[in-house]
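Dear colleague,

I am passing on a structure that you have not worked with before, and my notes on it follow below. Please read them with the model open beside you.

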Amino acid sequence: MGRAYQNRKVSMARTADAKTKVYSKYGREIYVSAKSGGADPAGNLTLRGLIERARKDQVPTHVIDRALDKARGGGGEDFSPARYEGFGPGSCMVIVECLTDNPNRTFGDVRCCFTKMKARIGTPGSVSHMFDHCAILAFAGEDEDAVLEALMDADVDVTDIESEAGRLTVFAPHTEYARAKQALIDALGELDFEVDEIQFVAQTTTPLAGEDAVAMEKFLGLLNDLDDVQNVYHNAELAEA
């Protein structure tokens with residue numbers, strides 16, 4: 001699948017110049033994960049990965065702790081996931097993942113971003129069938145065979161394993177995320193995961209240049225500025241400036 005997937009995911013870190021928004025997005029996602037799967041990271045690998053990623057993005061401890069405390073309290077906001085799909089500038093494919101306490105507001109905000117950039121929001125499934133929904137785990141290592149054996153011994157369905165410059169990247173179906181991660185930890189001990197996420201990885205790419213590339217950058221910025229938007233995935237291949 002190649003490391004290009006990293007360039008076609010608009011991460012929360014892209015808005016590092018607006019730290020409050022970054023903290024809010026992480027806090028919301030940690031809260032939802034803890035409320036649905038338990039607030040103990042030892043027993044909730046998704047939460048554990050989120051916390052580790054938040055710390056790498058320099059999210060303060062008090063932001064993380066506050067989100068966990070809210071989840072333990074059982075009250076608070078009732079956030080639910082929402083996913084929107086469509087076609088951006090140059091007819092590239094776009095998936096927008098949100099966490100919202102008001103789906104009507106969120107849909108309106110996302111649709112407004114599409115409309116402003118003369119893009120087209122679609123129906124559920126309109127583009128997601130052209131993406132692979134993957135668990136991606138990357139860490140330092142070179143023994144690809146040992147990793148594959150560990151995953152096979154744990155009966156984990158592996159899509160691909162890549163080795164590049166002393167780093168191994170495991171791709172698996174999103175439903176195998178927890179089992180794949182636990183199998184790696186069981187076989188290799190505690191790992192410092194450079195990538196520990198579930199992502200949508202495009203099966204094909206759409207090259208963009210000129211006005212389309214400029215419009216796409218602006219479009220991604222508009223989406224990322226929305227409080228409810230957690231992640232944006234696309235298949236645009238933006239020309240180097």
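Which residue stands opposite Ser163 in β7? Leu168 does, and the two strands concerned, β6 and β7 (residues 167-173), run antiparallel and are joined by five bridges. Strands (E, at least two residues) and helices (H or I, at least four) are DSSP runs, numbered from the N terminus.

Please keep in mind that this is a predicted model, in which local features need pLDDT of at least 70 and side-chain atom pairs count only at pLDDT 80 or more, while totals for chains, interfaces and linings use all residues. Residues are numbered from 1 along each chain as its sequence is written, and side-chain values use heavy atoms, with hydrogens and water left out.

The open sheet has four strands in the order β6-β7-β5-β8, with antiparallel pairing, where two strands pair if DSSP finds at least two bridges between them. Because β6 (160-164) and β8 stand at the edges with a single partner strand each, one side of each is left without a neighbour in the sheet.

Best regards
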